[in-house]
Amino acid sequence: MSGRVLALWCPDWPAVAAAAALGPDCGDAVAVLGSGRVTACSAAARRAGVRRGMRKRQAQSLCPELTAAPDDPGRDGRFFEPVVAAVSAVVPMTEVLRPGLMVIAADRAGRYFGGEEELAEEIVSAVDACGVAGRVGTADELFTAVLAARTGTVVPPGTDADFLAGRPVADLVVEPSLSGPGRDDLVNLLWRLGVRTLGAFAALDPADVASRFSADAAVAHRLARAEPGRRPSRAPIPPGLEVEHDCDPPIDRIDAAAFLGRRLAEELHVRLSSASLACTRLTVQAITERGQRHSRTWRCAEPLTPEATADRVRWQLEGWLTLSAGSVDAPDSPIARLLLEPVEVIDPGALQYALAGEGLPRGGPGRTGLGDPARRALTRVQGLLGERAVRVPVASGGRGPGEQVDLVTFGDELRPERPAGAAWPDRIARPWPARLLAGHAELFDAAGDPVRVTGRGAFTAEPVIVRSTRHDYRIDWWAGPWPFGIDDGTDPGVRSAAVMARTQVLLEDSRALLLCFRGGRWQVEGIYE
């Protein structure tokens, strides 16, 4: 999205939708529960001490009059439809990120209404007419505009980076629709490393972020630097991707619309897969027998799946079909045609299988995390090179970084040798090395004598030189050693049991190594770059 962006945020929308569904008898204190924990709550519940993440019993002890409702995305989308319709009456082109949050291209609309402030006033008035509280924020980039909407701020052009610099790094996960999987772990890691603000995160070198963190961390870093968070394909969208269906007989029931939406979503994704593309912005259009047109554009942080596409079609049609007959936007006749049209697609490079971090499959039969094209390609390679020639990574348990990934033959059950969820005392702490190695090394003290690890888990002398691949490097700093077990002496080169330990050393060329002492010898396990 180029130019200025205006975001409309309706606070606590799941709780607002739940209260609307329950009717006037539910009271002001409302909480939405998912998996037994609070996922959203009203302002009255927050004043009583209820917070997201609390268990139901704890929330009810703080607020005895609390009304609890189950999490229901369909309900949220159905009740948000009148708000979208009201805003679309002001600005026709809108994008829904999720129920409760939508964005608008504000440059042309702002000029039409005489300025961004005038546009914001028109949108807020339209939302107030629906009986809903909303806040508006404007900025150059979508991520900045979404954050600005939470405080009703207009960020001047060209100052997105300044606005973001002082905000807490936790803002990277404040909006789920713009967060990739594993973003919570990234924020926790940055906090432990002392990176507490978006400005401090943005100051990191992009190459370092890309090499030391996950792929989603690179996306988050671009957001913190006020750069576009997603690069759409520069090539035009190929013809023939849209899916159109003439309804015979016309549809006037929600269940029939949901069934048709599921079928069309599967057909759309078959066409996208054939073109090696994925959709990140989708327009859903419904046309009635009398020609009335109902259109919405949906945007997602991650490529849409068939299930996510079907959900959005269902939310949209359910909200439209349940409008009261007296509403201006209510359908004037049954739906005669349904159209799914990709508006923004990404190239195959964005669909590559992630080999690090949250991309690793977590086990379970058949759960490889691979798309159909990748599975077909790997099956063909297996046929050419043999069954065991193709292996996929699966998260495993262990103390060292090299032990926490197992390679399993493609097609077999993804069961690691060691359980990843088990407790692993003396496990090496993050961040892990950027590269894993398996080379021989030697440590020497100032007198040139070899440095070993004693039975008490300490160095025999302070290391000053590390020798690796026939080169000597001066050690500027070291940490450890950290014992993690006892070698049982089964190595024929070791006469008796010895302590196993790891240490980190910083070399004179600013590189850092992770060394492992095992079997009476030092090995290079990884390098921090």
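Tutor: A residue is called buried under 20% relative accessible area, exposed over 50%, and partly exposed in between, with a 1.4 Å probe and protein chains only. The model is predicted: local features need pLDDT of at least 70, side-chain atom pairs count only at pLDDT 80 or more, and totals for chains, interfaces and linings use all residues. Residues are numbered from 1 along each chain as its sequence is written, and side-chain values use heavy atoms, leaving out hydrogens and water.

Student: Why does Thr503 count as buried?

Tutor: Its relative accessibility is 0%, and the limit is under 20%, so Thr503 is buried.

Student: What makes the pair Thr503 and Ala479 a polar contact?

Tutor: A polar contact is a pair of N or O atoms within 3.5 Å; within protein, one must be able to donate a hydrogen and the other to accept it, and residues adjacent in sequence count only if both atoms are side-chain atoms. A polar side-chain atom of Thr503 lies 2.5 Å from the backbone oxygen of Ala479.

Student: Why is Val381 called partly exposed?

Tutor: Its relative accessible area is 32%, which falls between the two limits, 20% and 50%. Val381 also forms a nonpolar surface patch with Leu384 and Leu385.

Student: Which residues of helix 12 are buried?

Tutor: In helix 12 (residues 215-224), they are Asp216, Ala217, Ala220, His221, Leu223 and Ala224.

Student: How do you know that they line one face of the helix?

Tutor: Seen down the axis, the buried residues of helix 12 fall within an arc of 155°, so they line one face. The arc is taken from the directions from the helix axis to the C-beta atoms.

How values were computed:
Helix = DSSP H or I, 4+ residues; strand = E, 2+ residues; numbered from the N terminus. Patch = residues over 30% accessible without salt bridge, like charges linked within 9 Å, V, L, I, M, F, W, Y side chains within 5 Å. Areas by Shrake-Rupley, 256 points an atom, 1.4 Å probe, with all protein chains shown as cover. Salt bridge = Lys/Arg side-chain N within 4 Å of Asp/Glu carboxyl O.
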